[in-house]
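Work through the exercises below with the sequence and the model at hand. Each task is followed by its solution.

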Amino acid sequence: ISGIAKKMANLDFHWKCGMCRRDEIGALGSSLDQMAQSLSTALDELKTANEALRGEEEEERALESQRLAFFSAASHELKTPITILKGQLSGMLDGVDIYQDREKYLARSLQVTARMEGLVQEILTISQMEAQGSLSHGELLDLSELVQQQVACDTGLMERKRLRLEMHIEDELWISGEKHLIAKASGNLLSNAALYAPEGETLRVQTGLKSGQSTLT
């Protein structure tokens, strides 16, 4: 019984007294066996509950990380059109050569504001989806068409930096995914290239198949 007490102190309940006595000591041994079995079951349940709780905590941390990444991406998404809009308006006000045609660049500025409005609406939509716990389903998309649309959005920035554009786009390059997320990813890639390329450089945009997978480079 003394040895059993030490095992119990160490939360070891995988034992049996194995007494066959019919006196008080035997009754005590039988009670200890029953208690050990109950405590062992309770301890296993507690371990299972703790593991589930840790899993929920890890999932919550992953969700929080995704939220932070989302807001970081949203900030980046809005920064690019704001930079383009600011450059176009400043160029028109300062009378810079390529901005002499105000009608043309006012129209482009309006397109940029529409892009910003669309981004804000996407942010609101994703926030509502997250609050409701719903997920959008993927759809069949033409990657080449999406890329061409994103290039058109960044034309103003490319002209302002006098960048040359070379495009090699395969037609009908189909992929499956969420349109707004893929548009954001491709838009980020193209916008970063335009923002950080040295003035007068050449930007090469290419879509195609590589190892059976649709690619954008």
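Two strands pair if DSSP finds at least two bridges between them. Helices (H or I, at least four residues) and strands (E, at least two) are DSSP runs, numbered from the N terminus. The model is predicted: local features need pLDDT of at least 70, side-chain atom pairs count only at pLDDT 80 or more, and totals for chains, interfaces and linings use all residues. Residues are numbered from 1 along each chain as its sequence is written, and side-chain values use heavy atoms, with hydrogens and water left out.

**Exercise 1.** Find the order of the strands in the open sheet of three strands.

Solution. 
- The order is β2-β4-β5, and the pairing is mixed.
- Strand β4 (residues 202-210) runs antiparallel to β5, and four bridges join the two.
- Opposite Leu209 stands Ser214 in β5.

**Exercise 2.** Determine which residues of helix α4 (residues 143-153) are buried, and how they are arranged around its axis.

Solution. 
- Buried means under 20% relative accessible area, with a 1.4 Å probe and protein chains only.
- Seen down the axis, the buried residues fall within an arc of 160° (taken from the directions from the helix axis to the C-beta atoms), so they line one face of α4.
- An α-helix has 3.6 residues a turn, so residues three or four places apart point the same way.

**Exercise 3.** Identify the residue that caps the N-terminal end of α4.

Solution. 
- The cap is Asp142, with a side-chain oxygen 3.1 Å from the backbone nitrogen of Ser144.

Technical notes
Buried means under 20% relative accessible area, exposed over 50%, partly exposed in between (1.4 Å probe, protein chains only). A polar contact is a pair of N or O atoms within 3.5 Å; within protein, one must be able to donate a hydrogen and the other to accept it, and residues adjacent in sequence count only if both atoms are side-chain atoms.
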